Amino acid sequence: MTKIIFCGINGRMGQAVEEIVSEKENFEIVAGVDLNTARRGSYPVYANISEVKEKADVIVDFSFHAALPSYLEYAKAKRLPPEIIIRVSSI
């Protein structure tokens, strides 16, 4: 099972991808990161990735590009290779 931290989870694309992931048996969102911390699923949503306590295999990023440095720092602190950050939006 691939465990996912999803950044930008409460945005339009985040909601669409969350629906798709919920239908898959081999993927699980374990935490969300979004300025809007409303919880949508069975996982916690944090305002900042530094607050995430759950372990994950991959970070999926649909958030604002300015947040990327904090995601890289998180990956470094958790000893995750930077390639695990899937950057989807570039604007």
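**The largest pocket and its surroundings**

Modeller: The lining of the largest pocket is made up of G8, V33, D34, L35, A47, N48, I49, S63, F64, A67, S70 and Y71, a pocket being an open set of points on a 1 Å grid over the protein atoms alone where a 1.4 Å probe fits, with protein on both sides within 12 Å along at least five of seven lines, and lining residues having an atom within 4 Å of a point. This is a predicted model, in which local features need pLDDT of at least 70 and side-chain atom pairs pLDDT 80 or more, while totals for chains, interfaces and linings use all residues. Residues are numbered from 1 along each chain as its sequence is written, and side-chain values use heavy atoms, without hydrogens or water.

The space in this pocket comes to about 210 Å³, and its lining divides into 7 nonpolar, 4 polar and 1 charged residues, with Gly counted as polar.

One of the lining residues, S63, is joined through its side chain to that of D61 by a polar contact of 2.4 Å (N or O atoms within 3.5 Å, one able to donate a hydrogen and the other to accept it). D61 belongs to strand β4, residues 58-61 (a DSSP run of E, at least two residues), and with 0% relative accessibility D61 counts as buried (under 20%, with a 1.4 Å probe and protein chains only).

Definitions and conventions
Grid points are joined across faces, edges and corners, and a volume is the space filled by probe spheres set on the points. Helices (H or I, at least four residues) and strands (E, at least two) are DSSP runs, numbered from the N terminus. Buried means under 20% relative accessible area, exposed over 50%, partly exposed in between (1.4 Å probe, protein chains only).
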